[in-house]
Amino acid sequence: AAKDGGRGRYHFYSQDLHADAEARSAMEEDLRDALAKGELEMFYQPIVAVETQRITGFEALMRWHHPVKGWISPHRFIETAEDTGMIQQLGEWALRQACEQLASWPGDILMAVNVSPLQFANPNLPSIVANAIGHAGIAPSQLELEITETVFLQDSAGTEAMFAALKKLGVRMALDDFGTGYSSLGYLKKAPFDKIKIDKSFVRGITEAGSRNAAIIASITSLAQSLGMETTAEGVETMDELDLVRKHGCSHVQGYIYERPMDVRQADARIAAGLEAVARGPRCSRAPR
Ligand code: C2E
Ligand code: MG
Ligand code: MG
Ligand code: MG
């Protein structure tokens with residue numbers, strides 16, 4: 001019986017794997033055409049300075065509108081793009097889109113663009129970034145590249161050289177999703193980031209009694225401040241979370257409490273209405289997703 005069960009299970013698993021593989025390759029094929037078919041779109045989410053309560057920048061976030069499956073989250077398709085190498089093409093497109101969008105906006109708004117570790121490992125990245133900036137005609141200091149700490153797990157000489165090459169272009173660098181990975185402080189010494197983005201998993205739960213997240217956030221912000229880095233708290237949804245991240249020294253906030261990611265039309269209208277930001281949200285319970 002055990003043997004049968006074993007065989008049965010094997011059969012079941014292999015069919016499952018087959019279905020998985022089919023779904024994966026269907027996704028890959030669809031994604032391959034998505035750019036050409038105009039199914040990809042950049043959304044923009046405001047980032048607010050705590051002190052002035054004004055929008056100082058936007059993060060560019062990719063969206064895929066699949067003709068059959070509807071909106072697909074980047075959490076699902078960025079990984080496929082990375083597995084297939086398509087991320088290089090998608091990433092370059094995202095950079096160009098974001099820079100051109102920024103060029104159409106007034107003032108000295110910042111634009112933050114996510115850069116995959118695979119793009120960061122591409123020796124052509126500095127020229128791709130320089131071309132996007134030059135083509136759009138924006139100041140390099142208006143562009144902020146968000147990278148995650150996973151880039152530091154690879155060859156460190158190459159990583160440091162890439163970081164230096166990008167800084168030399170005059171762009172800003174942000175460390176994204178801080179707190180989700182190894183969170184070693186070692187690379188803060190090696191890589192002079194302009195900003196640390198504290199992951200929403202730290203913000204979540206900051207309001208709970210006895211939570212250690214508040215103490216961790218306070219020490220990250222004081223370290224960042226002494227190194228001359230800004231800190232953005234990600235995923236702030238409630239008034240209580242806003243009060244606490246403010247109290248613990250975060251310089252910027254990005255979250256539904258202020259604004260959700262929006263399409264170009266909405267972002268244009270938001271900017272035309274002025275950059276003052278108003279926090280709107282529940283006091284303590286979290287907003288529905
Ligand atoms: P990320 O870079 O950490 O981006 C922040 C994510 O938090 C976004 O998810 C944003 O919509 C979400 N968010 C913002 N405020 C709140 C909030 O108050 N509550 C909650 N629950 N979520 C909030 P999104 O747009 O789904 O993107 C997911 C991830 O996909 C991004 O995380 C980033 O790692 C990746 N991604 C998105 N666009 C690109 C891109 O153009 N290139 C690359 N390489 N990665 C991208
Ligand atoms: Mg990001
Ligand atoms: Mg993040
Ligand atoms: Mg991320």
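Asp-176 bridges two magnesium ions, ligand 2 and ligand 3, which lie 4.1 Å apart. This is a predicted model: local features need pLDDT of at least 70, side-chain atom pairs count only at pLDDT 80 or more, and totals for chains, interfaces and linings use all residues. Residues are numbered from 1 along each chain as its sequence is written, ligands are numbered from 1 in the order in which they are written, and side-chain values use heavy atoms, without hydrogens and water.

Start with the magnesium ion (ligand 2). Its protein donors are Glu-59 (OE), Asn-114 (OD1), Glu-146 (OE) and Asp-176 (OD), at 2.0 to 2.2 Å. Donors here are N, O and S atoms within 2.8 Å of the metal (3.2 Å for Na, K and Ca); water is not among the atoms, so sites may look incomplete. Glu-59 sits in strand β2 (residues 54-66) and Asn-114 in strand β4 (residues 110-114), so the pair ties together parts 55 residues apart in sequence. Strands are DSSP runs of E, at least two residues; helices are runs of H or I, at least four; both are numbered from the N terminus. Glu-59 is buried, with a relative accessible area of 4%. Asn-114 is partly exposed, at 30%. Buried means under 20%, exposed over 50%, partly exposed in between (1.4 Å probe, protein chains only).

Now turn to helix α5. Its buried residues include Leu-125, Ile-128 and Val-129. The face turned away from the buried side carries the exposed Gly-134 and His-135. After α5 comes Gly-137, with a positive phi near 75 degrees.

Last, look at helix α6, where Thr-159 is found. Thr-159 is buried, with a relative accessible area of 6%.
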